[in-house]
Amino acid sequence: MSYVNDTYDIIILAGQSNAQGCGRGETTEEYIPDPDIMHLFENCTYEVRVKDGIEKMCVVCDDPNLYIDIAKERCDEAGKISSFGLSFAREYKKAGLLPKGRKLLIVEAGVGGTGFKKKQWGVGDELYERMLRMIDYALSLNSESTLKALLWHQGEHDAFEGNPPEIFESQLCALVRAVRARYNLKDLPFISADFVNEWKNKNIDICAPIVAKIKSVTEGEGGVFIETADLLSNNQNHGDGDDIHFCRESLNILGRRYFEAYKNLLNKK
């Protein structure tokens, strides 16, 4: 079924693995696919390769096309894998923000294991340009479609790869400003969040400076930074050893927090 003629409220979901969504385990509120909530994605895989002389995570895509489908959780042999974009979208519709006749479209731009240090997310870098290509495509489908927010979760790789906090700060700030300028949306809501607390506390010396910069950039650009100290990792939830990713229930909660932040930004306008 083709969805290319629909009119969309577009949400950009970008960053690394916690934006891409790696949450497993049980949840108190199952996500039920909704024909009013779509997502835009590439049919691709991700591999560590040497590119531009740097060993880094790369998008491997033999099929250059972009696809739109009803948004849903990913699945593998171990079960469902969630994303906070889904609960954000559910709350967006539930709050009555999606006018009749429009759909919500999540631009799935997150790629696990990526950051600024290895020239992936900086303005002009590969993943930044890929994100723009996805946004441009979404906007091209219908002149009545509009960008509504940039939801960002990233920074873990820059922390353990040793990106100097001041440089990271300038790179993240440049990304936010460049996206707003490109689409002539100087007040495009920008929302970010803290890392998984279990992993952050084990690596506090490298994490704290980067998290502080994420918060300062977000708030300096008029956005909202979300605290996550109470949200469990996959490891804390079901003991799989994965301490760097939010579990499925935590992502459900995190999406609601991103939406509450978004709603607060709307109320300030």
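First, some housekeeping. This is a predicted model, so local features need pLDDT of at least 70 and side-chain atom pairs count only at pLDDT 80 or more, while totals for chains, interfaces and linings use all residues. Residues are numbered from 1 along each chain as its sequence is written, and side-chain values use heavy atoms, with hydrogens and water left out.

Let's start with the sheet. Seven strands make up an open, mixed sheet, in the order 5-2-8-1-9-10-11. Strands here are DSSP runs of E with at least two residues, helices are runs of H or I with at least four, and both are numbered from the N terminus. Two strands count as paired if DSSP finds at least two bridges between them. At the edges you'll find strand 5 (66–70) and strand 11 (224–226); each has a single partner strand, so one side of each has no neighbour in the sheet. On average, neighbouring strands of this sheet are turned by 25° against each other, direction ignored. For angles like that, axes are lines fitted to C-alpha atoms (for helices, over the stretch in contact), and the values run from 0 to 180 degrees between N-to-C directions.

As background, strands of a sheet pair through backbone hydrogen bonds, either parallel or antiparallel. A parallel example is strand 1 (residues 7–15) with strand 9 (residues 146–153), joined by seven bridges. To find your place in that pair, look for Ile-11, which stands opposite Ala-149 in strand 9. Helix 2 (residues 84–94) lies across strands 1, 2, 8 and 9, and runs at about 165° to strand 8 (102–108). Contact, in this setting, means heavy atoms within 4.5 Å.

Now for the hairpin. Strand 3 (45–51) and strand 4 (54–60) have the loop that holds Asp-52 between them. The two strands run antiparallel and are joined by seven bridges, with Lys-51 standing opposite Ile-54 in strand 4. Strand 4 has five of its seven residues buried, so the rest of the structure largely encloses it. Asp-52, by contrast, is exposed, at a relative accessible area of 66%. The cut-offs are under 20% relative accessible area for buried and over 50% for exposed, with partly exposed in between (1.4 Å probe, protein chains only). The hairpin has two residues between its strands, and Asp-52 takes a positive phi near 55° there.

A second residue to look at is Asn-184, in the loop between helix 5 (165–182) and strand 10 (190–193). Its phi is near 55° too, a positive value in a residue other than glycine. Asn-184 is exposed, with a relative accessible area of 69%.

The search uses a 1 Å grid over the protein atoms alone: a cavity is a set of points where a 1.4 Å probe fits but cannot get out, a pocket is an open set with protein on both sides within 12 Å along at least five of seven lines, and lining residues have an atom within 4 Å of a point. Grid points are joined across faces, edges and corners, and a volume is the space filled by probe spheres set on the points.

The largest pocket holds about 400 Å³ of space. Among the 20 residues that line this pocket, Gln-20, His-39, Phe-41, Arg-74 and Glu-108 are the closest to its centre. Helix 1 (17–20) and strand 2 (37–42) each supply at least two lining residues, and strand 2 gives the most, with three. By class, the lining has eight nonpolar, six polar and six charged residues. Here Ala, Val, Leu, Ile, Met, Phe, Trp, Tyr, Cys and Pro count as nonpolar, Asp, Glu, Lys and Arg as charged, and the others, Gly among them, as polar.

The second largest pocket has about 150 Å³ of space. Its lining includes Arg-180, Asp-187, Phe-190, Glu-221 and Lys-269, and divides into four nonpolar, two polar and six charged residues.

Helix 2 comes back here: it gives the most to the cavity lining, with three residues, while helix 9 (248–268) supplies at least two. Among the lining residues are Thr-27, Tyr-31, Glu-73, Arg-90 and Asn-252.
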